[in-house]
Amino acid sequence: MYRSHTNGELNLSHQNQEITLSGWVQKIRDKGFMIWIDLRDRYGITQLVLDADRTPAELMEQARQLGREYVIQITGKVIERESKNAHLPTGEIEVLVHDLKVLNKAKTPPFTIEDHTDGGDELRMQYRYLDIRRKPVRENLIFRHKVSMEVRKYLSDQGFIDVETPYLIKSTPEGARDFVVPSRMNQGQFYALPQSPQTFKQLLMVAGMDKYFQLVKCFRDEDLRADRQPEFTQIDCEMAFVEQEDILNTFEGLTKHLLLEINGVQVDKFPRMTYEEAMKTYGNDKPDIRFDMKFGELNDLAQNKGFGVFDNAELVVGIAAPGCAGYSRKQTDKLIDFVKRPQVGAQGLIWAKYNEDGTFKSSVDKFFSADDLALWAKRLQANKGDLLLIMAGDADKTRTQLSVLRMHLAEELGLRKPDEFAPLWVVDFPLLEWDEETNRYHAMHHPFTSPKPEDMHLLDTDPGKVRANAYDMVLNGNEIGGGSIRIHDRETQSKMFDLLGFTKEEAQAQFGFLMNAFEYGAPPHGGLAFGLDRLVAILGGQETIRDFIAFPKNNSGRDVMIDAPSVIDKTQLEELHLKTTLK
């Protein structure tokens with residue numbers, strides 16, 4: 001028996017018991033006549049003690065030879081600590097060691113295995129198996145497990161069936177780039193790894209499964225960032241004989257369940273906002289509504305006053321930064337520099353201070369009177385003490401730029417509190433987006449999304465105005481899930497492929513299996529997929545997903561721990577009938 005207890009469970013109720021523990025050496029403190037060892041495992045830390053008055057000299061010497069991260073086994077007696085540690089669950093006791101066995105020696109780790117480590121991101125990723133020993137990372141993975149189990153419990157209780165779908169599938173031209181896998185047995189042909197199980201879950205509805213879910217790995221070959229990985233996990237769901245309202249209610253229920261069970265937070269309101277309103281009011285389709293700073297359009301108030309920047313702009317729009325009227329010139333200049341960064345791309349920023357005494361001071365006093373600025377303040381719903389920040393230019397670009405500034409200010413002002421949760425449904429997305437480069441429409445979500453029934457007639461006359469029967473769930477400024485009511489008849493699906501520029505032959509070759517299935521009695525159906533990695537991170541009070549994934553990849557898509565991707569053997573290439581031009 002390697003252990004009778006874990007390192008997180010002993011307390012005064014175990015006093016005078018003989019126990020056996022195993023784990024990793026976290027820390028050693030040698031005072032000569034007394035040695036303390038912190039022994040760690042997944043469950044916690046127990047303090048061991050060796051005392052020259054009660055411990056044989058050879059055992060004391062054996063303990064002195066231990067190093068950090070040695071794996072050891074000890075037996076001893078649980079005793080009460082003289083100096084208790086209220087921060088540890090085991091802080092009232094220690095174990096007087098009678099016997100010590102080294103199970104495995106360890107090299108000195110390349111960084112400290114502590115809550116706050118001296119290891120950089122790349123180094124920690126290279127030795128991820130050591131990084132996971134650190135309490136914050138370990139607890140993140142345990143937290144992910146808890147969320148996953150609550151998801152499974154809730155959906156199973158709602159009658160959903162967990163069905164696995166294939167990883168080796170057919171490559172399709174929509175969405176991000178596919179990761180492709182060559183087939184040795186089918187020369188010159190390739191599988192693709194699924195970007196989502198979209199068509200398979202629709203086929204399961206045709207098959208009569210009625211309610212499907214899966215915590216499924218998905219793959220997209222796209223540029224990466226902090227909250228994006230080439231492989232990620234979806235809570236993938238589909239339901240038959242449902243309308244949009246059924247799906248929104250079901251997954252509001254799931255989200256409420258997770259917030260209550262995981263975070264102890266009860267959320268009753270799930271406001272709904274159209275895509276058009278979100279873009280006009282917040283400049284993006286995943287607004288953080290934990291704070292205000294709503295956009296106010298100022299064209300009618302700010303143009304035709306002789307200020308060319310405004311007069312020549314398609315849109316003049318602003319926000320009111322709460323309590324920032326006291327900003328110094330250095331602080332306002334810093335905001336101007338922020339929006340001029342290439343990542344934002346604005347030409348500049350106009351500011352106006354709404355002082356506590358009701359007066360105004362702006363960077364455009366030459367062109368606008370106090371009365372003008374008062375009208376701006378009213379439009380932006382500003383209060384005394386607020387700072388008005390105005391941008392102008394092309395409508396779409398300016399809204400995007402102001403949205404970035406709004407989020408930046410919210411971070412600076414501490415308005416994005418991780419323990420507050422504000423969910424939101426964004427609905428009525430455009431069905432199609434026009435791409436100037438390819439000179440054709442692209443599906444804003446995917447080609448299987450159904451148009452709004454009331455917009456169906458516009459497919460033939462004005463497809464750009466057709467709204468999708470689609471919805472996204474937003475939580476704290478992050479899109480955590482999205483879905484739609486699907487097309488379930490061959491005629492509409494064929495028309496959708498026509499609009500997307502597919503020939504009849506291409507549509508049949510790529511998606512004939514799905515359209516053929518629609519001819520055998522497909523029920524009305526729809527679904528939603530949550531991004532599990534992102535959902536877990538937000539519930540955990542963070543927005544980056546990497547530390548909630550056991551073995552993540554870096555921003556170049558590399559696993560630096562196992563050194564992947566890597567070249568493969570020439571024999572493997574020959575078996576796959578592949579040649580590479582790289583040397």
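Modeller: Helices (H or I, at least four residues) and strands (E, at least two) are DSSP runs, numbered from the N terminus. Buried means under 20% relative accessible area, exposed over 50%, and partly exposed in between (1.4 Å probe, protein chains only). Helix α16, residues 532–539, is mostly covered, with eight of its eight residues buried. Among them are D533 and R534. After α16 comes G541, with a positive phi near 85°.

The model is predicted: local features need pLDDT of at least 70, side-chain atom pairs count only at pLDDT 80 or more, and totals for chains, interfaces and linings use all residues. Residues are numbered from 1 along each chain as its sequence is written, and side-chain values use heavy atoms, leaving out hydrogens and water.

Colleague: Which residues touch the most other members of the largest nonpolar core?

Modeller: In soluble globular proteins, nonpolar side chains tend to be buried together. A nonpolar core is a set of buried Ala, Val, Leu, Ile, Met, Phe, Trp, Tyr and Cys residues joined through side-chain atoms within 4.5 Å. Here the largest has 40 residues, and V147, L155, I235, F251 and W425 touch the most other members. Helix α6 (residues 244–263) contributes the most, seven residues.

Colleague: With which residues is I235 in contact, leaving aside neighbours within four places in sequence?

Modeller: Contact means heavy atoms within 4.5 Å. The partners of I235 include V151, L155, Q214, L532 and L535.

Colleague: How many bridges join β18 to β19?

Modeller: Two strands pair if DSSP finds at least two bridges between them. Four join the antiparallel strands β18 (residues 432–435) and β19 (residues 440–443), and W434 stands opposite Y441.
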